[in-house]
Amino acid sequence: MTTNKNVLISGAGVAGLALAYWLDRHGSRVTVVERAPRVRHGGYAVDFRGEALHVLDRMDLLEPVRALDTKVGDAAMVDAEGRQYATLPAEVFAGDLEVPKGELTRLLYAAARDRAEYLFDDSLLAVEQDADGVHVTFESGVSRRFDLLVGADGLHSRVRSLTFGPEERFVEPLGIHTAVFSLPNYLGLDHTGQLYVSPGKAANMFADDAAGPARAALHLAAEDLEYDRHDIGEQQRIIAERFAGEGWEIPRLLTEMRTAEDFWFDTNALVVMDTWAEGRVVLVGDAGYCAAPTSGRGTSQALLGAYVLAGELARAGDDHTAAFAAYEQTMRPFVTEHQAVGREGAQRFFMPAPSQEVLDTIAANAPENTRPGMIRLPDYAPHRLPGTPG
Ligand SMILES: Cc1cc2nc3c(=O)[nH]c(=O)nc-3n(C[C@H](O)[C@H](O)[C@H](O)COP(=O)(O)OP(=O)(O)OC[C@H]3O[C@@H](n4cnc5c(N)ncnc54)[C@H](O)[C@@H]3O)c2cc1C
């Protein structure tokens with residue numbers, strides 16, 4: 001079946017860009033609204049696993065993404081003086097393929113740029129739906145009507161709060177707050193990293209090239225942390241206070257943090273919902289089913305979710321209700337599994353000075369080894385004639 005729907009996507013992250021790409025290939029007309037002035041280029045690396053690699057392949061992006069592989073190997077667990085006491089096997093933190101998220105988003109945007117209309121520096125203010133469509137008002141004051149609205153706007157999704165209810169109902173915090181940022185690779189790390197753990201705190205620094213920049217992360221155990229999500233200065237003050245007096249490279253990291261251009265801070269949380277669709281509105285990626293960074297699965301999930309949602313919409317023609325149901329049915333087991341991995345990862349996050357034996361056991365029990373293959377990827381042939389632009 002073919003479809004010619006007019007679809008609005010909120011969010012130009014991994015899920016939103018991949019969805020724009022696939023919806024266009026299936027014949028929909030797509031508009032993407034993104035709050036940031038341009039596609040965002042975060043400073044951390046994300047993993048791809050299993051079936052997500054097939055989606056990249058079907059987008060002709062597998063080779064370009066492979067070319068970005070950080071190829072980061074085993075990393076060193078270090079004490080307060082920087083002495084290595086154990087080795088963390090790469091299986092614990094890297095997937096089949098690990099790439100810098102900013103570079104990945106750049107590639108996805110290059111693939112999806114000409115396939116959609118982009119409205120940067122704007123966001124949804126109001127959403128009203130009836131039997132025939134969704135009427136939206138943007139913060140810029142413009143109002144428009146679409147056949148469908150997709151929330152691909154991440155953990156703090158605006159579409160979710162406007163359509164399904166307040167964030168607190170769906171977001172399950174895992175008790176970890178994380179800051180990430182880029183910094184000069186002054187340790188000369190080359191395809192490796194160092195990790196430091198002290199009670200309630202953890203930090204690491206990784207680099208995939210001795211000549212390039214490094215990425216640092218500072219993690220804090222905290223159930224309720226009150227701060228303004230848009231106030232970076234306040235977030236950095238909290239981190240500096242909590243990490244004061246710590247060893248290893250922490251003093252230098254706290255200094256570098258203040259001048260980093262890509263500083264990011266947020267809670268590690270799951271998004272748990274009984275359903276991802278309400279009428280003509282549906283959620284994809286972290287907005288609907290975030291598995292938390294501790295799962296290492298969010299990017300794969302966002303990419304697969306976009307592929308399946310677009311494919312099911314194309315398959316079901318005008319019946320978006322059937323499409324949303326099929327999308328949920330295909331994705332749900334996969335999401336449930338990933339969220340379990342996210343919870344387990346959070347539980348062992350601040351394990352003090354783990355021995356080599358413990359680390360090797362964690363690596364041997366990595367979900368890839370013990371619980372492989374949660375999803376069988378359907379093949380949704382794009383509805384374009386061979387020989388026409390795909
Ligand atoms: C520190 C860290 C490490 C991670 N490591 C990994 C890993 O190793 N492996 C892995 O698979 N995943 C990892 N993840 C998770 C991964 O980054 C996300 O799960 C994935 O990017 C989800 O994509 P998304 O498109 O759903 O959401 P996002 O990437 O969050 O994109 C959402 C987009 O929506 C935009 N937006 C937000 N609000 C609005 C609004 N109101 N209006 C318009 N636009 C809006 C945002 O600006 C953003 O562009 C990590 C995440 C973090 C934070």
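**Entry 1: the ligand**

I started with Arg 40, where a polar side-chain atom sits 3.2 Å from an oxygen atom of the ligand. Next I checked Tyr 44: an N or O atom in its side chain is 2.9 Å from a ligand oxygen. For Thr 299 I found a backbone N or O atom 2.8 Å from an oxygen atom of the ligand.

How much of the ligand's accessible area does the protein cover? I got 91% of the 990 Å² that the ligand has on its own (Shrake-Rupley method, 1.4 Å probe; for residues, only the protein chains shown count as cover).

I noted 32 residues around the ligand, with Glu 34 and Lys 101 among those that come nearest (near means a heavy atom within 4 Å).

**Entry 2: Asp 147**

I then moved to Asp 147, which touches Lys 5 and Arg 280, among others (contact: heavy atoms within 4.5 Å). The backbone nitrogen of Asn 6 lies 2.8 Å from a polar side-chain atom of Asp 147.

I'm working with a predicted model, where local features need pLDDT of at least 70, side-chain atom pairs count only at pLDDT 80 or more, and totals for chains, interfaces and linings use all residues. Residues are numbered from 1 along each chain as its sequence is written, and side-chain values use heavy atoms, leaving out hydrogens and water.

Technical notes: Polar contact = N/O pair within 3.5 Å; in protein donor to acceptor, adjacent residues only side chain to side chain. Lists of a residue's contacts leave out its neighbours within four places in sequence.
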